[in-house]
Amino acid sequence: MAKPVDIGSKRLISLAPNAWVQWVTGNSQVRASQLLDAEFQWISRESDVIVKASSPQHSEFLILNELQLRYDQKMPQRMRNYVALAEEKYNLSAYPVLINILPPPTTVTIENCYDSEFMGLKARQDYRVINLWEVEAELVLGQPLPPLFPFVPILKGGGSESKLRSAVQALRADQTLNQLEPLLAFFASFVLEIPLIQQIMRWDMTVLRESPWYQEILQEGLAQGIEQGIEQGIQQGVAQGIEQGIEQGIEQGIEQGIEQGIQQERRGSLERILKLRFSEIPVEISVRIQALTLA
């Protein structure tokens, strides 16, 4: 069994903190000095990462990183609270950044500030927004930006076999990065066929489950569909094969199971592609997809 690892936000940023802070601030003179505790009294979030940084122009300051699988309309208020708590705890000015991993429904507008007024009193908090689907995959692989390697398939221009192979090669070239390969495989499944991904790289569900993003996608039902598409068909085929006769049953069951697994995976792939393209699909379309055969 694979050793559990943390492949969440803090782990990714810690791989190349200087490259990360320079990327999110757009300032090549910024240097990271320390990853700070992002826990506040009564509040703790896995997706929050605070980096203590400095630059010749601004001396020491905080970079507040909020990585979100999907944008939530409550984010402006959350970013405002995040900045206030961090500045109070560390007594340093803050540069807040919101990184959105997957695009929201087309009906949702991504805000880059919190702005409110109550009884003539105004409150405002600006923050930088980075949408990964707008970030060029070539830029990430070329700079390079190791914390973003697992997201290459869902970056702009990254959804191809050649880009996936480049990302795999980059991860395997550095021992500190190779444990991120299952996460790369997982995000690749959003845009590429699972059999192709399995030919190129390893898919370790034990390691992948350590990622908070996997757990979040699992709640949406997408991760479960991907995992079942790999495992369920083979398991069902073996079970059916035992009932039909040991030798012939196992052989037929495995064949049927593999076919069922591929069929279920392709149904899931079709739904994921439609959701990435149109954000949401009608229930009746989803029902029709589930009724499709492999042929």
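In this predicted model, L164 touches P153, L184, A188, L192, I197, I200 and M201, leaving aside residues up to four places away in sequence. L164 belongs to the largest nonpolar core, which has 49 residues. Together with W20, W23, I63, L132 and F151, L164 is one of the members that touch the most others in that core. Helix 6, residues 181-188, contributes the most to this core, with six residues. Apart from it there is a second core of 13 residues, with L64, Y71, M79 and Y127 among them. In soluble globular proteins, nonpolar side chains tend to be buried together.

Aromatic rings form a further set of links. The structure contains five aromatic pairs. Through ring pairs, F151, F186, F187 and F190 are joined into a cluster.

Five strands make up an open sheet in the order 1-2-3-4-7, and their pairing is mixed. At its edges stand strand 1 (31-36) and strand 7, each with a single partner strand, so one side of each has no neighbour in the sheet. From one strand to the next, the twist averages 25°. Strand 3 (residues 59-70) pairs with strand 4 (residues 94-102) in the parallel sense, over eight bridges. Within this part of the sheet, L62 is placed opposite A94 in strand 4.

Helix 2, residues 17-25, packs on the sheet and touches strand 1, strand 2 (48-55), strand 3, strand 4 and strand 7. The direction of helix 2 makes about 105° with that of strand 1. Which residues of helix 2 are buried? They are W20, V21, W23, V24 and T25. The cover over these buried residues includes helix 1 (9-15) as well as strand 1, strand 2, strand 3, strand 4 and strand 7. After helix 2 comes G26, which has a positive phi, near 70°.

Finally, the confidence of the prediction deserves attention. The mean pLDDT of the chain is 80, and 74% of its residues reach 70 or more. Among the elements, strand 7 (residues 128-131) has the highest mean pLDDT, 96, whereas helix 10 (residues 222-244) has the lowest, 55. Over residues 1-5 the pLDDT stays under 50, and the model has nine contacts beyond four places in sequence for them.

Note on methods:
Residues numbered from 1 in each chain as written. Heavy atoms only, no water. Phe/Tyr/Trp six-rings, centres within 6.5 Å; stacked < 30°, edge-to-face > 60°. pLDDT = per-residue confidence, 0-100. Helix = DSSP H or I, 4+ residues; strand = E, 2+ residues; numbered from the N terminus. Contact = heavy atoms within 4.5 Å. Core = buried A, V, L, I, M, F, W, Y, C linked by side-chain atoms within 4.5 Å. Buried < 20%, exposed > 50% of the residue type's maximum accessible area, 1.4 Å probe, protein only. Pairing = 2+ DSSP bridges. Axes fitted to C-alpha atoms, helices over the stretch in contact; angles between N-to-C directions.
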